[in-house]
Amino acid sequence: MQNLEVQAVEKLVRAVVSEVYRTQNSSVPRFSKGKTYEKRVSVPIFASTPVSASAPVPVQIPTPIPTPIPEKKGENSVKTLKSDEILLDKQVITLRDVENLPRCVRRVIVPQSAILTPSVRDELSEHEIRLARYSAEAIQAFLSVISEVTGNAQTQINHSRLGALEVYSLFTPYHPEALFPHWTRCGLRPNLRSSFVCFDGIRTSMAKNETLNVLFTSRVDEALCRLHRDEKICAIHSVHPEKLSVQWKDFPSANTLVVNPSEIGIYLAGQVVMRGAELFYHG
């Protein structure tokens, strides 16, 4: 307020007070005739919008964030095998069961009551493969899922090697390992066996396998002749996935696939192997 306005208000107040005292027949108080002055008080501004003194200031209470409840992860909740796991449903695990595991395997699942030979533990430790013991209920859950996939509850011989490939390469400029990432994404587990220099050594190794054997070579006739010297090996040579389906009807016991990438190309060779794996594991 300006000084003139303050003086006018002060005169008005004095007149009112004097009139009140005259009405009550009392002596009118004397007012000092000092100079009226205005006292300026700086008030800090806390907000851009004025807040009424009588209105309560609302207090914002933070909404509590619900804490997610972790799901219980028991062994019985796991129903399917991962791509890096393998199941050995046997009471006695020997070295022969684990010595030819695919490279991608990082955990072996066995029953709780299974007996392992010392050589098995050494083999797993050497390849940095973990060992997991599951209850009988969990093992049965795995087997039931695998039975649904294979369509036959009695097909348990290849449960522990479902989707595995033992891949050999000899006398060919094409390296099959270039197809491994694609095969892995499709659910297969290829394992390259590259320490052989002749077909006789490959034949001996293939005879011990329970998985599908795959041989990349440019010498198809020689390979078929030498591989069939072992009665445990039934080899098929194919140049196209559709033709392989027809061949498989004539040789349902086939366990070895011979492919010549120089003849059909590396891409079509990979498709032939994938079709062979479907026929071998799923019928």
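## Rings that meet

Ring pairs join F180, W183 and F216 into a cluster. Rings of Phe, Tyr and Trp (its six-membered ring) count as a pair if their centres lie within 6.5 Å; planes under 30 degrees apart are stacked, over 60 edge-to-face, and the rest tilted. This is a predicted model, where local features need pLDDT of at least 70 and side-chain atom pairs 80 or more, while totals for chains, interfaces and linings use all residues. Residues are numbered from 1 along each chain as its sequence is written, and side-chain values use heavy atoms, leaving out hydrogens and water.

How many aromatic pairs does a search of the whole structure find? It turns up 5. One of them is Y168 with F196, tilted, at 5.6 Å centre to centre and 55° between the planes. Y168 sits in strand β6 and F196 in the loop between β7 and α6, so this pair ties together parts 28 residues apart in sequence. (Helices, H or I of at least four residues, and strands, E of at least two, are DSSP runs numbered from the N terminus.)

## The buried side of a helix

Now for helix α7, residues 220-227: V220, A223, L224 and L227 are buried. Buried means under 20% relative accessible area, exposed over 50%, and partly exposed in between (1.4 Å probe, protein chains only). These four cover an arc of only 95° around the axis, so they're on the same side of α7. That arc is taken from the directions from the helix axis to the C-beta atoms.
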